[in-house]
Amino acid sequence: MRILVIGVGNPIPSFILRRLRALSKAGIELTITIENYQRVEDLPKAEFIRIGGSLSLIHQFFAFVRALLSPFLFFRLMSLQSELKFIQRLKWAVLYFPLVRVKTPDVVHFQWLASIPEYSWLRNYFSCPFMGSARGSQLTVYPNTRFSSKEKIEKAIQRADYIHCVSKDMALACERLGANTEKLIVNYNGISLTRFTPSHTTRLESATLRLISIGALIWRKGYVFQLQIIKELKDLGHSVTLNIIGSGSDEMGLRYTAHRLGIEGQVVFEGQQKEEHILVRLQSSDLYLSASAAEGLPNTLVEAAACGLPIVAFQCEGVNEVIEENRTGYIVDFGDIKEAAQKIVQLKDANKRAAMGQLAREKIEKEFDEAQWVRKMIDVYKDVSAKKKKNK
């Protein structure tokens, strides 16, 4: 089984990289497109094709010479952009030529659904199913804030043969944007149950409740709300700390907001960290806090639950699929600072935290085992490929 993977990102997000590694380990032949000059990840069995990013003039020249070694393929590619001026068409064909030389895949899997229209021309070369992943803000935020984005994602939905939805909520979002339900395939990212585990040592009890949150420091992760929750808890006389792991464009603003709220002593910005550090932090924390405005399915919630942490989260996509209300955590209406603080206060009870954390771990074991979802995805690849061949 050979899969052509397009649009992994630079750098490749951890949740996509984990899936690629698991597929490769399971014997799937992967051809992965990356940008020029992008670092190649540790995927020894995968083939990497560089097609994106800017090229220097000397690199463009050598790329053109290589293309001329296969003139039929190259000029066929140029003919697909007849509306462009000759020089533009030439540059476009040089850029994408490495892609048309790859061995014919069984499935082309676009890691971000919205990129499918850009590559529709590939159907002239590969008569296999096109699958796009519906992951989050492309389906929720952008269509509701930019009209052009709504048109783009609707076009992508129509041109996809199948849509991989990372949660049931993403499947519903696709339906609202016009997707035929027969196209939709829900397949969770899952998690390694042997890597993300509760601490093997007893957590040291503390008078201070230790909260943790992980993710890019961008507006839709809702860190401003988290700071307000910590302020509310402090004003109520509760001793809490919040460790935030991640980096992003909002970091300076968030640091200053913490200063203005007078909670610098309660909030620690740890910056970007390796998975090993994140795992240690999860295992030594008391509960996980999330205030996201939009998600696909929050992978950090799955990681936290796998480590035996109860979760307090604002309602958004995928949260209901990870948290069982009053059993493994609490789901609060979006933006309700006081209610979130009250739920955290309830979790000051160590016995309650332990009971919820154990149930959280059990839920992840049953429903989010990475190995199980990888096997199911491979079955999907085989099934959609077989259907395509049968209908030829």
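**Close-ups of aromatic contacts**

**View A.** Tyr-96 is a buried residue, with a relative accessible area of 7% (buried: under 20% relative accessible area; exposed: over 50%; partly exposed: in between; 1.4 Å probe, protein chains only). Tyr-96 and Trp-121 form an edge-to-face aromatic pair, 5.4 Å centre to centre and with 65° between the planes (rings of Phe, Tyr and Trp, the last by its six-membered ring, pair if their centres lie within 6.5 Å; planes under 30 degrees apart are stacked, over 60 edge-to-face, the rest tilted). Trp-121 is buried too, at 7% relative accessibility. This model is predicted: local features need pLDDT of at least 70, side-chain atom pairs count only at pLDDT 80 or more, and totals for chains, interfaces and linings use all residues. Residues are numbered from 1 along each chain as its sequence is written, and side-chain values use heavy atoms, leaving out hydrogens and water.

**View B.** The structure holds 17 aromatic pairs. One of them joins Tyr-96 and Tyr-119 edge-to-face, at 5.7 Å centre to centre with 85° between the planes. Tyr-96 lies in helix 4 (residues 86-100) and Tyr-119 in the loop between strand 4 (107-110) and strand 5 (130-134), so the pair ties together parts 23 residues apart in sequence (helices, H or I of at least four residues, and strands, E of at least two, are DSSP runs numbered from the N terminus). Tyr-119 is buried, at 9% relative accessibility.

**View C.** Look here for one aromatic cluster, whose members include Trp-92, Phe-110 and Tyr-125. Arg-76 lies over the face of Tyr-125, 4.3 Å from the ring centre (NZ of Lys or CZ of Arg within 6 Å of the ring centre and within 35 degrees of the ring normal).

**View D.** The charged end of Arg-146 sits over the Tyr-142 ring, 4.5 Å from its centre.
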